[in-house]
Amino acid sequence: MKAAVVVFPGSNCDRDCKVAIERSAGARVEMVWHQETALPDDLDLIVLPGGFSYGDYLRCGAMAALSPVMKEVVAAADKGVAVVGICNGFQVLTEVGLLPGALLRNAGLKYVCKPVELDIVNGQTRFTAGYGEQRQAVMTVGNGEGNYFADEETLDRIEGEGQVVFRYKENPNGSARDIAGIVNAKGNVLGLMPHPDRAFDADLGSEDGAVLFRSIFQSA
């Protein structure tokens with residue numbers, strides 16, 4: 001089992017993701033600098049971590065979406081490789097067009113950092129199958145621009161096609177329809193604002209994030 005974590009200037013959860021994947025799933029993890037023009041061979045998972053890529057200048061994730069390695073990430077996603085974007089990584093996935101919608105400033109215009117309760121809306125994806133009958137999870141959010149937005153037609157479509165995967169029980173940032181995480185139509189790209197990398201061990205307050213990482217490799 002093999003994963004890659006992409007590191008952008010300003011990433012600050014890249015090592016968290018590496019440790020979380022290693023401890024949760026026992027996978028080998030390689031760190032990939034954003035200027036690379038190739039990814040490691042035979043990857044089961046690519047992670048775009050949280051942080052403040054390029055200092056969040058211009059628009060969150062917009063500059064990172066133009067990094068050379070993102071062409072390879074898009075190509076790998078098109079081939080069916082699992083891709084997860086966490087927090088800032090979710091923003092990058094929307095900017096590069098792998099996921100619909102956009103992430104806006106939080107409704108309260110403040111940075112929010114706290115544990116949140118989530119409903120597992122779709123437990124049949126490659127990212128959530130490991131939860132089994134469990135329909136709730138606890139992870140931590142830490143964002144100032146985590147307010148998911150899409151037009152009503154897009155929201156109706158992703159709801160109807162099962163692309164909404166996680167929903168906030170108590171919305172911390174104003175996200176449309178309480179959406180916390182979505183997958184693409186093919187089901188191999190996940191973006192979520194809550195951090196599974198901060199919820200993979202009981203000492204962190206929750207082990208629910210570990211289930212997500214294990215689920216990916218079990219379905220690989």
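View 1. At 70% relative accessibility, D42 counts as exposed, where exposed means over 50% relative accessible area, buried under 20% and partly exposed in between (1.4 Å probe, protein chains only). The model is predicted: local features need pLDDT of at least 70, side-chain atom pairs count only at pLDDT 80 or more, and totals for chains, interfaces and linings use all residues. Residues are numbered from 1 along each chain as its sequence is written, and side-chain values use heavy atoms, with hydrogens and water left out. D42 is found in the loop between β2 (28-33) and β3 (45-48); helices (H or I, at least four residues) and strands (E, at least two) are DSSP runs, numbered from the N terminus. Phi of D42 is positive, near 55 degrees, in a residue other than glycine.

**View 2. R177 in the loop between β9 and β10.** This loop joins the view to strands β9 (164-168) and β10 (179-183). R177 has a positive phi near 55 degrees and is a residue other than glycine. With 30% relative accessibility, R177 counts as partly exposed.

**View 3. The aromatic pair of F90 and Y148.** The structure holds one aromatic pair; rings of Phe, Tyr and Trp (its six-membered ring) pair if their centres lie within 6.5 Å, and planes under 30 degrees apart count as stacked, over 60 as edge-to-face and the rest as tilted. The ring centres of F90 and Y148 are 5.9 Å apart and the planes are at 15 degrees, so the pair is stacked. Because F90 lies in helix α3 (residues 88-96) and Y148 in strand β8 (residues 147-149), the pair ties together parts that are 58 residues apart in sequence. F90 is buried at 1% relative accessibility, and Y148 is buried with a relative accessible area of 1%.

**View 4. Helix α3 and its buried residues.** Seven of the nine residues of α3 are buried, so the helix is largely enclosed by the rest of the structure. The buried residues are N88, G89, F90, Q91, V92, L93 and T94. G97 follows α3 and has a positive phi, near 90 degrees.

**View 5. The packing of helices α1 and α5.** Helix α1 (residues 14-25) and helix α5 (residues 208-218) pack at an angle of about 70 degrees, with their axes 9 Å apart. The two helices are therefore roughly perpendicular to each other, a term for angles of 65 to 115 degrees. A20, I21, S24 and A25 in α1 meet A210, F213, R214 and F217 in α5, contact meaning heavy atoms within 4.5 Å.

Notes:
Axes are lines fitted to C-alpha atoms, for helices over the stretch in contact, and angles run from 0 to 180 degrees between N-to-C directions. Angles under 35 degrees count as roughly parallel, over 145 as roughly antiparallel, 65 to 115 as roughly perpendicular and the rest as oblique.
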